[in-house]
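User: Could you walk me through this structure, please? I'd like to begin with the ligand.

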Amino acid sequence: MKVLILDTAEAAIDRSATILLDVVRRKPASVLGLATGGTMLPLYDRVVSRHAAEGVSFAGVTTFNLDEYIGLGPDHIGSYHHYMRKALFDRIDIDIRLTHLPRGDAPDPTAEAEAYERRIEAAGGIDLQLLGIGRNGHIGFNEPTSSLASRTRIKTLTDDTRQANRAYFDSLADTPRFAITMGVGTILATRACLLLATGAAKAPAVARMIEGPVSAACPATALQLHRQVTVVLDRAAAAELSLRDYYEHIHPNGAESDFG
Ligand code: F6R
């Protein structure tokens, strides 16, 4: 795992935008895996402003989002379809037909999950998967005890996750209980991952993910088994890492090391 620690959240976001834009610059027909949540909003803002300024086109890019709430149609204001249009898709030159999210309103969510997995395969797999991390160590909506070999499927959300996402809905009762999410195994099958975490609330989960034992109790620890993971952190999210000095020695201020 490559651990890049930046002084501020803003610097961590900018570093993450650079990594994502470089992938698209190198391969204009990239397949990107995308995430939602509060952490990603300033990252998408930065990608929007920089793609225009730097002339990086998304016209050939295909995307697959990690997850969607079951029961919400694409026009529901709390859906991830809606989030992605507002945060990114409507603001860049992407071909909306090449963007994919699981349909939360599919009549058969299990069949939808299986079909989603096949769509990712048909696109040739994911070049770069963007990830956030939940306070409970989830990636996508793979809650604690998710199989580390799991594929896209239905997951029941924990109370902690529903509380964290409640702000996007009228009340806790309105906050969805189920989601379709790429599995941990689906994420491990991607060619590279970029996980961004900012703020002190994420520090315990970040420390478990990077330095804890691999366990389904903290699904993000599965990333230790992936060959190409970059974790970008601000100082607050890195605060509980015991080998912080070592990571900063290798990557001062988030720079690449001499050996990449
Ligand atoms: C959503 C997703 C989740 C979030 C995580 C952190 O697509 O993948 O794993 O990344 O819940 O969410 P925030 O950034 O809101 O703390």
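**The ligand and its surroundings**

Analyst: A polar side-chain atom of T36 lies 2.7 Å from an oxygen atom of the ligand, which is a polar contact, meaning a pair of N or O atoms within 3.5 Å. The model is predicted, so local features need pLDDT of at least 70 and side-chain atom pairs count only at pLDDT 80 or more, while totals for chains, interfaces and linings use all residues. Residues are numbered from 1 along each chain as its sequence is written, and side-chain values use heavy atoms, with hydrogens and water left out.

User: What lies 2.8 Å from an oxygen atom of the ligand?

Analyst: That is a backbone N or O atom of G38, and for H138 a polar side-chain atom lies 2.6 Å from an oxygen atom of the ligand.

User: Which residues come nearest to the ligand?

Analyst: Of the 13 residues around the ligand, the nearest are T39, D67, H138, G140 and K202, where a residue counts as near if one of its heavy atoms lies within 4 Å.

User: New topic: how many cavities of 30 Å³ or more are there?

Analyst: The search of the whole structure finds 1, and about 40 Å³ of space lies in the largest cavity. On a 1 Å grid over the protein atoms alone, a cavity is a set of points where a 1.4 Å probe fits but cannot get out, and lining residues have an atom within 4 Å of a point; a volume is the space filled by probe spheres set on the points, which are joined across faces, edges and corners.

User: Which residues line the largest cavity?

Analyst: The lining consists of L20, L32, L34, Y44, V47, F58, T63, L88 and I94.

Methods
1 Å grid on protein atoms, 1.4 Å probe; cavity = no way out; pocket = protein on both sides within 12 Å on 5 of 7 lines; lining within 4 Å. Polar contact = N/O pair within 3.5 Å; in protein donor to acceptor, adjacent residues only side chain to side chain.
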